[in-house]
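User: Can you walk me through this one? I'd like to start with a helix and then move on to the ligand.
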Amino acid sequence: MLEIKNLVTSYGLIKALKGISLTAKSGEITCILGPNGAGKTTLMFTVAGILKPDQGTIEHNGENITGLSAPNILKTGLALVPENRLVFPTMTVRDNLDAGAFLRPSSDKKSVEEDIEKMFTQFPVLKQRSSQTAGTLSGGEQQMLAIARALMSRPKLLLMDEPSVGLAPKIVDEIFEIIQNLKDQDLSILLVEQNAAKALKIADHFYLLDQGNVAFSGSPAEVESDDILKKAYLGSDAA
Ligand code: ATP
């Protein structure tokens, strides 16, 4: 379980997170919604250790990880799938997967190879493209590679920042199916999404961020049963 209390993160004088508290329960998909500039990526970067918070605490499975470096946070079982994939474009697909295991000890070499094969089974298109450079993959394939690369660290919780952004509708459906499958494999997921309608279909719980604060939190069922919320979250056609 991830437990965040009163998190404040700034860029110089700009406070991007103004006291965020939230919980992502184990084995669940917790979704973070919110307009541009709400602080979603800042939240993911702070949890992943890329940004240091000014205040607040972050606990992962009871361990206080506040202020730890990104590699040390990864070691606690928390891996980030960044916005816009950020695969290593000039490296092959296989080498990208290998890079995802960079913190595993060299004695783990055999099990890293086995995990790469597992990724190829789970994402067959990556096997077909294993010796191709990642920059030549389509957007959807790069997203699959970014997810598989994060899985190579054997995380317990996956931080996913807008995995559907910029992808064709059919591919978006595939990505959401993959996220649901990951949950079924017992992974916990903190998912940032602009696509509220799709995200709420797979989420167990959601938080709405607005200008660095939690504006609302609830379950997808609450949105479904309330016409005003439904209109607000799922658009004017939904109610
Ligand atoms: P989007 O959906 O557009 O990615 P977001 O919800 O992820 O938005 P953030 O990127 O976390 O929002 O930005 C939160 C606030 O912090 C915004 O006001 C943004 O302008 C500001 N901000 C983000 N990155 C920086 C930066 N590197 N330097 C200064 N301000 C920043």
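Analyst: This is a predicted model. Helix α1 is mostly covered, with seven of its nine residues buried.

User: Which residues of α1 are buried?
Analyst: K40, T42, L43, M44, T46, V47 and A48 are the buried ones in α1.

User: What does the backbone do just after α1?
Analyst: G49, which comes just after α1, takes a positive phi of about 85 degrees.

User: Now the ligand. Which residues come nearest?
Analyst: There are 14 residues around the ligand, and G37, G39, K40, T41 and T42 come nearest.

User: Which elements supply at least two residues of that shell?
Analyst: β2 (14–24) and α1 (40–48) each do. The most comes from α1, which gives three residues to the shell.

User: How does the shell split by class?
Analyst: Around the ligand there are five nonpolar, six polar and three charged residues.

User: How much of the ligand's accessible area does the protein cover?
Analyst: The ligand on its own has 640 Å² of accessible area, and the protein covers 60% of that.

Terms used. Residues are numbered from 1 along each chain as its sequence is written. This is a predicted model: local features need pLDDT of at least 70, side-chain atom pairs count only at pLDDT 80 or more; totals for chains, interfaces and linings use all residues. Side-chain values use heavy atoms; hydrogens and water are left out. A residue is near a molecule or strand if one of its heavy atoms lies within 4 Å of it. Accessible areas come from the Shrake-Rupley method with a 1.4 Å probe; for residues, only the protein chains shown count as cover. Helices (H or I, at least four residues) and strands (E, at least two) are DSSP runs, numbered from the N terminus. Ala, Val, Leu, Ile, Met, Phe, Trp, Tyr, Cys and Pro count as nonpolar, Asp, Glu, Lys and Arg as charged, and the others, Gly among them, as polar. Buried means under 20% relative accessible area, exposed over 50%, partly exposed in between (1.4 Å probe, protein chains only).
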